[in-house]
Amino acid sequence: MQTAETVVENPLRAGMRLERTAEPCAVVIFGASGDLAKRKLIPALYRLVQERLLPAEFAIIGLGRTAMTDDEYRDRMKASVLEFSESKQVDEEVWQSFAQGMKFLPSNIENAECYQALAKMLEEVERERGTQGNRLFYLSVAPEFYAEAVRQLGAAGLTKSEKGWVRVIIEKPFGTDLESARQLNQGILQHLDEKQIYRIDHYLGKETVQNLLVFRFANGIFEPMWNRQYIDYVQITNAETVGVEGRGGYYEKSGVVRDMIQNHVFQVLSLVAMEPPAALNAEDVRDEKIKAMHAARAFTPERVRTECVRGQYGAGAIGGKPVPGYREETGVAPDSATETYALVTMWFDNWRWSGVPFYIRSGKRLSKRVTEIAIQFKQAPHQLFGTAMEHVTPNQLIIRVQPDEGITMRVAAKVPGQVTRIRDVNMDFRYGASFGVQLAEAYERLILDCILGDSTLYARKDMTERGWELVMPILEEWGASKAEADFPNYEAGSWGPEASFRLLEAQGRKWRRP
């Protein structure tokens, strides 16, 4: 599919984000020697420097319990960039410039003296690197330390800057239930303004998710059909082939609803369901997302029993190799009732979506790693072609978030020949083929947006709490009936429990198999 660029006469008036180099700043990474920092954060920051999207007046301060010198930290992070970046290589000239601004400070999140040492190091960095008092704190630590880290930053006077801005990125999970999410919000808002808080969800940094806004609101042929008159139902699939990967202890307290649906999947869902914003600034977009989620029908115990399905994987095979069941994973109880699969049926009680079900499924150890949105359109009002249409499905629009980011439109077409035979054909758009560029990793986009002060792709306080409001009745109903859970109820390498297929079949529908 060929592409053509469109020039907007006044992009600022349209609320568009312009590509520009960020302001000078210092990035302080809590948990700087941890897995996220090594795999994602440092490679993303290096790539931004390589792409000249960060200025020379830039610095990184790593905080962690492990004692090491600045040079040792630089060497470890260089190894991480080599291992985890897409190119698997380092430009030595760029790295030298990048590494000059890297420092490491051994620290303990709960020790006030460490924050005094951090304040001194920030002053030193501002003199040496010219960061102009702009500071980004990235909390890449265990969730139980989020509130304490912000409290200590506030007590040390580091949540305000006389010369520049201060912003804080907080990773998920944002709370473990509605009450803890509210407490966390209240705690950090004692020291930070909402505009300083960036609750990150890396799914929103993916190009295809961002493209949802362009796809819906820049194309005159789709928005008129994006409603109950033309759409029969919507499916959102978030499938992983991996298991708990040694995190059985964490997953036992979480489960797929907490881990994926109330944050990642709901963020994507809100972009599909929202109304057009007045402009593309952060608040207008986030206002429409939360309005859509407020229209989502609340779950009752009856709805949970009849419109939701939970599952847990047993032993099976992935890629031809045998894998254990969830209950055999390290750190998992032998009689665990934790769900590794969930199907949730959502309804939006508003003018646009009344009567249109949104089927959401997310699970581990499924047949294929894929995240996609499938829009199923209604059948043509009158079938002219009789039996020739027997093996043709209604039109579908499939938006692939990962992997192979792109969009597919499935339509009916005549097979060449004298006899009228009809079959489905796909019209494909793939990012890699259409643009011929390496897609930015999600963390690159999101970190840069934070430095630029653009919070459009970050979760606001009301959105985090609304996600928990919606899923708590599901978690409570399932928690009260743990003894009745017939687990395991799907084989690793399958597409989930049979009950999830029966639920749709009872409504005359079926799951799309990616």
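Ground rules first. The model is predicted, so local features need pLDDT of at least 70 and side-chain atom pairs count only at pLDDT 80 or more, while totals for chains, interfaces and linings use all residues. Residues are numbered from 1 along each chain as its sequence is written, and side-chain values use heavy atoms, with hydrogens and water left out.

Start with the whole chain. It holds 16 helices and 18 strands. Those are DSSP runs, numbered from the N terminus: helices are H or I with at least four residues, strands are E with at least two. The C-alpha atoms fill a box of roughly 75 × 60 × 45 Å along the principal axes. For 514 residues, a compact globule would have a radius of gyration near 24 Å, and the chain agrees, at 24 Å. That radius is taken over C-alpha atoms, and the globule rule is 2.2 Å times the number of residues to the power 0.38.

Now the six-stranded sheet. It is open, its pairing is parallel, and its order is S3-S2-S1-S4-S5-S6. Strands pair here if DSSP finds at least two bridges between them. Which strands stand at the edges? Strand S3 (102–106) and strand S6 (197–199); each has a single partner strand, so one side of each is left without a neighbour in the sheet. Neighbouring strands are turned by 20 degrees against each other on average, direction ignored. Axes are lines fitted to C-alpha atoms, for helices over the stretch in contact, and angles run from 0 to 180 degrees between N-to-C directions.

S2 (residues 58–64) runs parallel to S3, joined by five bridges. Gly64 has Pro106 of S3 as its bridge partner. Helix H5 (residues 112–129) packs on this sheet, touching S1 (25–30), S2, S3 and S4 (135–139). Its direction makes about 165 degrees with that of S3. Contact means heavy atoms within 4.5 Å.

Next, helix H2 (residues 35–50). Take its crossing with H4 (residues 92–100). The two axes come within 10 Å and cross at roughly 115 degrees. That makes H2 roughly perpendicular to H4, a label for 65 to 115 degrees. On the H2 side, the contact has Ile42, Leu45, Tyr46, Val49 and Gln50; on the H4 side, Val94, Trp95 and Phe98. By class, that is seven nonpolar, one polar and no charged residues. Ala, Val, Leu, Ile, Met, Phe, Trp, Tyr, Cys and Pro count as nonpolar, Asp, Glu, Lys and Arg as charged, and the others, Gly among them, as polar.

H2 also meets H14 (residues 442–452). Here the axes come within 9 Å and cross at roughly 65 degrees. H2 and H14 are therefore roughly perpendicular too. H2 brings Leu36, Lys40, Leu41, Ala44, Leu45, Arg47 and Leu48; H14 brings Tyr443, Glu444, Ile447 and Leu448. This contact divides into eight nonpolar, no polar and three charged residues.

Last, the eight-stranded sheet. It is open and mixed, in the order S8-S12-S13-S7-S14-S15-S16-S17. S8 (308–311) and S17 (421–430) are its edges, each with a single partner strand, so one side of each lacks a neighbour in the sheet. The twist averages 15 degrees from one strand to the next. S12 (residues 341–346) and S13 (residues 358–363) run antiparallel, with six bridges. Tyr341 stands opposite Gly363 of S13.

Two helices to finish. H15 (residues 461–480) lies across S8 and S12, at about 55 degrees to S8. H16 (residues 498–505) lies across S7 (231–239), S8, S12 and S13, at about 20 degrees to S12.

Key: Angles under 35 degrees count as roughly parallel, over 145 as roughly antiparallel, 65 to 115 as roughly perpendicular and the rest as oblique.
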